[in-house]
Amino acid sequence: MLIPAEYRLINGSWLDVVPACLYRARANNHARQLARADWLIRDRSSGSYIATMQASHVHFLNRSPAPQQRLDAVGELLAAADGSVTHLPLSDLAPLHAELDFDADAYCQQSGLSAVPEPVQLEYAGRDCFRRPLWLVYDAAKAWTRMRTAAEADGVRIQAISGYRSVHYQMGIFRRKIARGIALHDILSVNAAPGFSEHHSGRAIDIGTPGEPAAQECFENTPAFSWLNRNAAAFGFRISYPRGNAHGISYEPWHWFWIGSNQS
């Protein structure tokens, strides 16, 4: 049984489960059920709410065309909570790459990037600047909290723009850009391919500062960026995509990756 006091996100192959208290109902007829629930179960691909769970009772929010399949998927989530499996299989990427007509092997060779497995469990690290729950792996979450506190003690405010992003979230970015007529090659110069983003690891965080636009190059001119350049390494963070990086990704002064430190 899952323990509500543990603020975790638990990933399954096509569902995930999150603490219900961190999320708002999207439909009036779901509000009461969500308010009483310990956990919220979602579709990883669409983000839609599938069911709630209170103690060991699962309540599906909509009629399911395949109830046994969904119950089996919920059982998978409960089994994942014991920590015996740490990451989702990379084989789940194949259908997404086929949809994009994307050659993963060629991309690895050209970009120098490797596929990034998604953690089965992530920890709640507060909220980002858009008031969304921020999810990171446990040690990265602790390091982020310490770094933000240290910056504030120096009179500098840093805030999270985003942390963990699923493969499906990344795929949504590509679908929306392709629908606007942007070529896949051009998208890949700005966004890592689905399955290759550091955000999948739960160790990457986009960082901003109040009063500045999120995820823009002008962040490099802020006191927050200067502070990060001087201090982030002490907390285990490094910038991933400096100017002229070998991966061919545009300069991202806001994107930092936790590689670990003695303080962790």
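Tyr 7 is partly exposed, because its relative accessible area is 31% (buried means under 20%, exposed over 50%, and partly exposed in between, with a 1.4 Å probe and protein chains only). The model is predicted, so that local features need pLDDT of at least 70 and side-chain atom pairs count only at pLDDT 80 or more, while totals for chains, interfaces and linings use all residues. Residues are numbered from 1 along each chain as its sequence is written, and side-chain values use heavy atoms, with hydrogens and water left out.

**Aromatic pairs**

- Eight aromatic pairs are found in the whole structure; rings of Phe, Tyr and Trp (its six-membered ring) pair if their centres lie within 6.5 Å, and planes under 30 degrees apart count as stacked, over 60 as edge-to-face and the rest as tilted.
- The ring centres of Tyr 7 and Tyr 124 are 5.4 Å apart and the planes stand at 70°, so this pair is edge-to-face.
- Distant parts of the chain are linked by this pair, with Tyr 7 in the segment before β1 (8-11) and Tyr 124 in strand β6, 117 residues apart (helices, H or I of at least four residues, and strands, E of at least two, are DSSP runs numbered from the N terminus).
- Tyr 124 counts as partly exposed, at 25% relative accessibility.
- Tyr 7, Tyr 124 and Trp 135 are joined into a cluster by ring pairs.

**Sheet and packed helices**

- An open sheet is formed by seven strands in the order β5-β4-β3-β2-β1-β6-β7, with antiparallel pairing; two strands pair if DSSP finds at least two bridges between them.
- β5 (57-60) and β7 are at the edges with a single partner strand each, so one side of each has no neighbour in the sheet.
- On average, neighbouring strands of this sheet are turned by 30° against each other, direction ignored (axes are lines fitted to C-alpha atoms, for helices over the stretch in contact, and angles run from 0 to 180 degrees between N-to-C directions).
- Three bridges pair β6 with β7 in the antiparallel sense, and Arg 127 has Pro 133 in β7 as its bridge partner.
- Helix α1 (residues 28-36) packs on the sheet and touches β3 (39-43), β4 (49-54) and β5, its direction making about 35° with that of β4.
- Helix α5 also packs on the sheet, where it touches β6 and β7, and its direction makes about 120° with that of β7.

**Nonpolar cores**

- The largest nonpolar core has 40 residues, and Trp 144, Met 147, Ile 158, Ile 207, Leu 228 and Phe 237 have the most contacts inside it; such a core is a set of buried Ala, Val, Leu, Ile, Met, Phe, Trp, Tyr and Cys residues joined through side-chain atoms within 4.5 Å.
- Two or more residues of this core come from each of β6 (121-127), β7 (133-136), α5 (138-153), β9 (204-208), α8 (223-231) and β11 (252-258).
- Helix α5 gives the largest share of this core, six residues.
- Another core, of 16 residues, lies apart from it and includes Leu 100, Leu 113, Met 171 and Ile 187.

**Two buried residues**

- Ser 162 lies in strand β8 (residues 159-162) and is buried, with a relative accessible area of 8%.
- The side chains of Ser 162 and Arg 165 are joined by a polar contact of 3.2 Å (a pair of N or O atoms within 3.5 Å; within protein, one must be able to donate a hydrogen and the other to accept it, and residues adjacent in sequence count only if both atoms are side-chain atoms).
- Ala 20, in the loop between β2 (15-19) and α1, counts as buried at 2% relative accessibility.
- Leaving aside neighbours within four places in sequence, Ala 20 is in contact (heavy atoms within 4.5 Å) with Leu 34, Ala 37, Asp 38, Trp 39 and Leu 40.
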